[in-house]
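Student: I would like to go through this structure step by step. Please show me the sequence and the model before we start.

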Amino acid sequence: MKKRKNKKPKKPPRNSQRELPKKVAILYSEVKREYFPTETQYLTEKDAYNDAVVIAKYLNKLRIKTFLHPANDLLPENLKKNKPDVALNLVGSVKGNEYLASTVPALLELLEIPYTGAGILGESLSYNKFLIKKLLQQNGVPIPYYQLFNTPYDPIDPTLRFPLISKLNEIHGGVEITANAVSEDEKHLRERLKFLITTYDQPVLVEEFIVGREITAILLEGLNRKVYLAEKIFKKRNQKYIFATFEDQWLNTGDGFFYQQYEDPVLREYVKKAFDITKMADYGKFDIRLDASGRYYFIDCNSNPAFGPKELDVAIANILDLYDVSFYDILKRLLLNTLRDAEGKKLLPITNKNGD
C-alpha cells in the first residue's frame with residue numbers, strides 16, 4: 001500500500017559519484033484529472049511529480065544535477081535546452097494513455113539521449129498484456145489459461161475454468177483489480193466485462209485465477225543481471241480469494257501485505273527468460289502465482305515499474321532492501337548500465353534497447 005513519509009535521504013556511500021553522469025533529466029507523467037476516465041486510474045499517477053522530486057534529492061546527494069520534465073509537448077524543447085547525460089524515464093502515461101508511454105523512448109532515441117528502462121518495443125509490448133501472454137506461452141514460460149475479450153458478448157473459450165479474474169489489457173497499476181475482479185460464474189463475468197470495456201474503452205484479459213501464494217520478482221541489470229525474489233505475505237485471512245488488490249497497493253487500508261525473501265533458482269531462470277522475451281531493459285517486475293502443487297504461473301509483467309526509494313513504498317526498493325541493496329545502489333547500477341549501453345551503441349550502432 002502507498003505510504004507517504006517525510007524521511008530525509010540517507011547519506012550516499014563513498015565514491016558514489018565515480019563515473020556517474022553529471023546531469024540527469026527525470027521524466028515523469030504529466031497528470032491532470034481530466035486525462036483519466038476514472039478516479040481510480042488517476043490515483044495511480046497523481047503523485048508522479050512528488051515522486052520525481054524525492055528521487056531528485058537522492059541524485060543530488062550523488063552530486064548529480066537534475067532537471068524535472070513532465071512528458072508533454074514541451075519535452076523535446078526542454079531536453080534540447082538542458083542536454084542531460086542520461087534521462088531517468090519514469091513516464092507511465094502521456095495525456096492519461098499508458099500505451100503512449102512508448103513515445104518517450106522514441107523521442108529519446110531521436111535526440112540520442114541515453115535513457116533508463118525499456119526501449120520502444122519493450123514499452124509498447126508492456127501495454128498489451130495479451131501479446132505478453134502470447135510471447136511467454138510461445139517460449140515456455142508458464143502462464144494461466146487466458147482469453148482476450150473485445151466485447152462483453154464474445155463466446156467464452158471452453159478450456160477456461162472458473163474462477164476467472166478479469167484485467168484491463170492496456171493498463172497496469174492494479175486498476176480495477178478489486179475483490180470484484182474474480183468471477184465464479186458467467187453472469188458475473190459478463191457484467192464485469194461490460195463495465196470494464198464500456199468505462200475504459202479497451203479489451204479485457206480474462207485468465208484462470210490461480211489459488212495459492214504470490215511471488216514478486218525484480219530483475220536489475222548492471223555488470224551482472226540479478227533477480228531478487230520476494231513472497232507477498234498477506235495480512236487478510238477472511239477472504240475467499242487472496243491476492244494483491246488495488247486497495248492493497250494504493251490505499252492505506254491497513255489490510256495489505258508485506259514482503260519476505262523467497263528463493264528458487266528455477267524461478268530465477270524463468271524470470272530472466274521472461275525479461276528477454278518481453279524486451280525489457282535495465283529493470284523489470286514480474287508477479288507470479290504458486291499453486292499447491294508447486295507450479296508457477298506468470299500473471300503480470302511490468303517494464304519500467306514504479307520506481308523510487310523505500311519512503312515511496314514501491315516494490316523495487318522494498319524487495320531489494322530485503323537483500324541489503326540500497327536505493328543509492330539501485331540508482332548507480334541503473335545509471336552506469338545506461339551509460340555502458342550508450343557506449344556500446346556507439347561501438348555497435350546496429351544494436352539498441354529493442355534488441356534489433
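Tutor: Y58, Y283, F307, F327 and Y328 form one aromatic cluster. This is a predicted model, in which local features need pLDDT of at least 70 and side-chain atom pairs count only at pLDDT 80 or more, while totals for chains, interfaces and linings use all residues. Residues are numbered from 1 along each chain as its sequence is written, and side-chain values use heavy atoms, with hydrogens and water left out.

Student: How many aromatic pairs are there by the rule for rings?

Tutor: Rings of Phe, Tyr and Trp (its six-membered ring) pair if their centres lie within 6.5 Å; planes under 30 degrees apart count as stacked, over 60 as edge-to-face and the rest as tilted. Counted by this rule, the number of aromatic pairs is 14.

Student: Which kind of aromatic pair do Y58 and F327 form?

Tutor: The centres of Y58 and F327 are 5.1 Å apart, and the angle between the planes is 85°. The pair links distant parts of the chain, 269 residues apart, with Y58 in helix α2 (residues 48–61) and F327 in helix α11 (residues 327–347); helices (H or I, at least four residues) and strands (E, at least two) are DSSP runs, numbered from the N terminus. Because the planes of an edge-to-face pair must be over 60 degrees apart, the pair of Y58 and F327 counts as edge-to-face.

Student: What is the volume of the largest cavity?

Tutor: On a 1 Å grid over the protein atoms alone, a cavity is a set of points where a 1.4 Å probe fits but cannot get out; lining residues have an atom within 4 Å of a point. Grid points are joined across faces, edges and corners, and a volume is the space filled by probe spheres set on the points. The structure holds 1 cavity of 30 Å³ or more. The largest cavity has a volume of about 80 Å³.

Student: Which elements give two or more residues to the lining of the largest cavity?

Tutor: The lining includes K129, I132, K133 and L136, as well as F298, I299, D300 and C301. Its residues divide into 6 nonpolar, 2 polar and 3 charged, where Ala, Val, Leu, Ile, Met, Phe, Trp, Tyr, Cys and Pro count as nonpolar, Asp, Glu, Lys and Arg as charged, and the others, Gly among them, as polar. The elements that give two or more residues to the lining of the largest cavity are α6 (129–138) and β12 (296–303).

Student: Which residues is T278 in contact with, leaving aside its neighbours within four places in sequence?

Tutor: T278 sits in the loop between α9 (265–277) and β11. T278 is buried, with a relative accessible area of 2%. Contact means heavy atoms within 4.5 Å. Apart from neighbours within four places in sequence, the contacts of T278 are G122, L125, I132 and L136.

Student: Which residue does a cis peptide bond join to F162?

Tutor: Most residues other than glycine have a negative phi, and most peptide bonds are trans. Here the peptide bond is cis, with omega about 5°, and joins F162 and P163. The residue in the loop between β4 (146–149) and β5 (164–168) is P163.

Student: What is the phi of D324?

Tutor: D324 is in the loop between α10 and α11. D324 is exposed, with a relative accessible area of 71%. Although D324 is not a glycine, its phi is positive, at about 60°.

Student: How far apart in space are I177 and A244, C-alpha to C-alpha?

Tutor: I177 is in the loop between β5 and β6 (182–183) and is buried, with a relative accessible area of 11%. Its contacts beyond four places in sequence include F243, A244 and T245. I177 and A244 are 67 residues apart in sequence, and their C-alpha distance is 8.0 Å.

Definitions and conventions
On a 1 Å grid over the protein atoms alone, a cavity is a set of points where a 1.4 Å probe fits but cannot get out, and a pocket is an open set with protein on both sides within 12 Å along at least five of seven lines; lining residues have an atom within 4 Å of a point. Buried means under 20% relative accessible area, exposed over 50%, partly exposed in between (1.4 Å probe, protein chains only).
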